[in-house]
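Grab a pencil and have a go before reading each solution.

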Amino acid sequence: MKDITLGIIGSGQLGSMLCQAAKKLNVKTVIISDDAQGPAQNYCDQFIFSKYDDQVKIKEFIKEVDIVTFEFENIPLEILRNINKEKKVLPKPEINKIIQNRKLEKSFVNDLGIKTTEWAFIKSAKDVSRNEKLLPGILKTNTLGYDGHGQFVLNSLNDVKKDWCFTADYILEKKVDLKKEISVILTRFQNGTISIYAPIENVHENQILKHSKIPAELSDKITDEALQNAKKIANQLDYVGTMAVEYFIDKNNVLLVNEIAPRVHNSGHLTINAFNVSQFEGHVRAVCNLEIIAPGKISNSAVMINILGKEIEEYRKKTFSRNEFFFDYGKKAIKNKRKMGHLTILKE
Ligand code: ADP
Ligand code: MG
């Protein structure tokens, strides 16, 4: 069989981990990225530094690869559609159209009969007043948010400053009284087979994931509902690859979808060490149409800690035991709250 070359858009840590999984499967990787410093360039076979609208460079990228995927969802849709005319992009670009846009994403989930937080589409201060019942709430930019960027807590109408210019579209979400947060990660293959990991329990600080653990402490009912909803979403999207569904569980034990990530997910990093097939390997297998291997646990209990900003300096000096796995993303600049690395600890 001819060797497969996988094109990846984006060069962050998710790209690095995808490249490492691809290497294990003898899949070549070509990355295109607009970040000259992107750490994944150290793991891919070929790196193309380019703006995403540079037609010449995009053509070069297309020529080199058999199939294309991405490590972040906020790529302009037109670019994905254009690439897809020449080489298949998986998951398919139309999925991004929905998931890049919180309004379309939540409507899509609600139309499947699955609960999300209560929300409203907001274009102006008046729209906020009309939706006062959603306060205290969180105003989120409708597109381009990540790691809490583009989010504003509104405790009352007074927080909507008179001079606040609504330059973008937003959604306003009621603030959920959280009992806990979980995520479900699955890989869906081209024949419709789904491999799914048990729910992962997540703790966020300042809207950024701080740690993840398995097993999540949940009732069987919630576990089942979370798994079923994630499968329903993946099937309805005709999704190919690894994706995550982030959920809230409120104080009344109601399960709500927070958001969908059409890519490998930070909370799934522990699958590298705690399972025989990681979320990254699953993704490469699915998009390249390789053999399906169901994930099996290596450890029943694991924790993943995100290392943010300056914390990395301490970790770089530490020594680790056999059940601890430290990942330094090798980012050149240390920035406050930036994801610099992670540590996974296997407990059993
Ligand atoms: P991002 O796209 O930045 O990941 P999210 O919408 O997932 O944005 O929000 C990040 C985190 O902020 C969530 O995981 C949660 O901890 C907190 N958060 C967001 N929306 C709400 C909400 N409506 N109620 C309570 N907490 C929230
Ligand atoms: Mg999120």
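A residue counts as buried under 20% relative accessible area, exposed over 50%, and partly exposed in between (1.4 Å probe, protein chains only). This is a predicted model, where local features need pLDDT of at least 70, side-chain atom pairs count only at pLDDT 80 or more, and totals for chains, interfaces and linings use all residues. Residues are numbered from 1 along each chain as its sequence is written, chains are lettered from A and ligands numbered from 1 in the order in which they are written, and side-chain values use heavy atoms, leaving out hydrogens and water.

**Exercise 1.** Work out which residues coordinate the magnesium ion (ligand 2).

*Solution.* 
- Start with the donors, meaning N, O and S atoms within 2.8 Å of the metal (3.2 Å for Na, K and Ca); water is not among the atoms, so sites may look incomplete.
- E246 (OE) and E259 (OE) coordinate the ion, at 2.0 to 2.3 Å.
- Strands here are DSSP runs (E, at least two residues), numbered from the N terminus.
- Finally, accessibility: E246 is buried at 13%, while E259 is partly exposed at 23%.

**Exercise 2.** Find the order of the strands in the 4-strand open sheet.

*Solution.* 
- Two strands pair if DSSP finds at least two bridges between them.
- The order is 5-8-6-7, with antiparallel pairing.
- Strand 5 (119–122) and strand 7 (151–154) are the edges, each pairing on one side only.
- Zoom in on strand 6 (residues 137–141): 4 bridges join it to strand 7, and L139 has F152 as its bridge partner there.
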